[in-house]
Each structure stands twice: as structure tokens, then as C-alpha cells.
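I opened this notebook to keep track of what I looked up, one entry at a time, for a reader who is new to the structure.

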Amino acid sequence: MAQATFSDVMLPQEPNHLAPDGSQVRELARLAGGTMAHFTLPPGAVSKAVRHRTVEEIWFILSGRGQMWRRSGRMHEIADLAPGLSLTIPLGTSFQFRNDGDAPLTAVAITMPPWPGADEAEFIDGIW
């Protein structure tokens, strides 16, 4: 068995990237099977609607309020986002989210497998 490598990553003060959907990204820890990142969407902002080509995600809302629209096949829903909520974005799911509060909407998300780069996101028509 190969020797494990540990990773300790503090939340960066400034975003590392702008996600294809328009949210601010701060990269966190990573393993062979997935990556973790912190996302921020400013008050009143709406993300671009996307569908991932090869990854799925699990999100945990840290602060703020908003909504997330998800569609997979004929199934679709709008989830109310609030601190403490976790939700999934299965492979092939179209989604879009918005901040309808007066504070930043922040979340931590795990991407499986690891995020491969900006070409991962396919832009689609959203609802907002």
C-alpha cells in the first residue's frame, strides 16, 4: 500500500478563481477521489446555469440565503438555501443558484472526482 499524503489547507482570504457559474472559489483540500472548495455568491447575484460533464457534487450551506434550481431528466425542483442545509448535484444535473438575501451566500462543496478545469461546465438555459 502506498504511503498516505496529508493535506492541511486554511481558507484563503481571497478567492483563487472565478467558477464558470460566476461564483468566487477558494480552493481547499484535495484527495485522489475528490476536491473541496468554498464558494461565495454576493447579495443579489445569480449564477450562470450549468451542467457538469464528469463530476458530481455535495454542497453544505454555511451562511446567507438563496435558492438552487436543479433539473435531471424530467425531474426538477427549487431548493431554499439556508445555513445547515446539505444537498447533492448528481452527475448530469443542470443547476443554477441565486442569493436573494442581503449577506453573501457561502457554501463548501465536495467535487467527485476532482475538479478537472473550466471546460467541465457546460452552459445551459436556466430559470433566472
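**Entry 1: aromatic rings.** Before counting anything I noted the rule for a pair: rings of Phe, Tyr and Trp, the last with its six-membered ring, pair if their centres lie within 6.5 Å, and planes over 60 degrees apart count as edge-to-face. I also kept in mind that I am reading a predicted model. With that rule I found that the structure holds three aromatic pairs. I looked up the rings of Trp59 and Phe95 and found their centres 6.3 Å apart and their planes at 80 degrees, so this pair is edge-to-face. Trp59 belongs to strand E5 (residues 56-63) and Phe95 to strand E9 (residues 94-99), so the pair ties together parts that are 36 residues apart in sequence. I checked the burial of both residues, and Trp59 and Phe95 are buried.

The ring of Trp59 also pairs with that of Phe97: the centres are 5.0 Å apart and the planes stand at 75 degrees, so this pair is edge-to-face. Because Trp59 lies in strand E5 and Phe97 in strand E9, the pair ties together parts that are 38 residues apart in sequence. I wrote down a relative accessibility of 3% for Trp59, which counts as buried, and a relative accessible area of 2% for Phe97, which is buried. Which residues form the aromatic cluster? I noted Phe39, Trp59, Phe95 and Phe97 as the members of one cluster.

**Entry 2: the whole chain.** I then stepped back to the secondary structure and counted zero helices and 11 strands in the protein, so that, read from the N terminus on, the elements run β-β-β-β-β-β-β-β-β-β-β. The radius of gyration is 15 Å, close to the 14 Å that the globule rule gives for 128 residues, so the protein is as compact as a globular protein of that length. Taken along the principal axes, the C-alpha atoms fill a box of roughly 45 × 35 × 25 Å.

I looked up burial for the whole protein and found that 38% of its 128 residues count as buried. For the contacts with a separation of 6 or more, I noted that 69% are made by residues 24 or more positions apart. The protein exposes about 7,600 Å², and carbon and sulfur atoms supply 56% of that area. I also compared the charges, and the mean positions of the 10 positive and 14 negative charges are 5 Å apart.

**Entry 3: a cis peptide bond.** Most residues other than glycine have a negative phi, and most peptide bonds are trans. Going through the backbone, I noted a cis peptide bond that joins Met112 and Pro113, with omega at about -10 degrees. I placed Pro113 in the loop between strand E10 (105-112) and strand E11 (121-123).

**Entry 4: Thr54 and Glu56.** I found Thr54 in the loop between strand E4 (50-52) and E5, and with a relative accessible area of 45% Thr54 is partly exposed. Leaving aside neighbours within four places in sequence, I listed the contacts of Thr54 as Leu91, Met112, Pro113, Pro116 and Glu120, so that both residues of the cis bond, Met112 and Pro113, are on the list. Thr54 and Pro116 are 62 residues apart in sequence, yet 8.6 Å apart in space from C-alpha to C-alpha.

Glu56 is in strand E5 and is partly exposed, at a relative accessible area of 35%. With neighbours within four places in sequence left aside, Glu56 is in contact with Ile89, Pro90, Leu91, Ile110, Thr111 and Met112.

Entry 5: Is Ala37 buried or exposed? Ala37, placed in strand E3 (residues 34-41), is buried, with a relative accessible area of 12%. Not counting residues up to four places away in sequence, Ala37 touches Val25, Arg26, Leu28, Ala107, Val108 and Ala109. The C-alpha atoms of Ala37 and Arg74, 37 residues apart along the chain, are separated by 29 Å.

Methods
Residues are numbered from 1 along each chain as its sequence is written. This is a predicted model: local features need pLDDT of at least 70, side-chain atom pairs count only at pLDDT 80 or more; totals for chains, interfaces and linings use all residues. Side-chain values use heavy atoms; hydrogens and water are left out. Rings of Phe, Tyr and Trp (its six-membered ring) pair if their centres lie within 6.5 Å; planes under 30 degrees apart count as stacked, over 60 as edge-to-face and the rest as tilted. Helices (H or I, at least four residues) and strands (E, at least two) are DSSP runs, numbered from the N terminus. Buried means under 20% relative accessible area, exposed over 50%, partly exposed in between (1.4 Å probe, protein chains only). The radius of gyration is taken over C-alpha atoms; the globule rule is 2.2 Å times the number of residues to the power 0.38. Contact means heavy atoms within 4.5 Å. Accessible areas come from the Shrake-Rupley method with a 1.4 Å probe; for residues, only the protein chains shown count as cover. Lys and Arg count as positive and Asp and Glu as negative; His and the chain ends are not counted. The place of a charge is taken as NZ of Lys, CZ of Arg, CG of Asp or CD of Glu.
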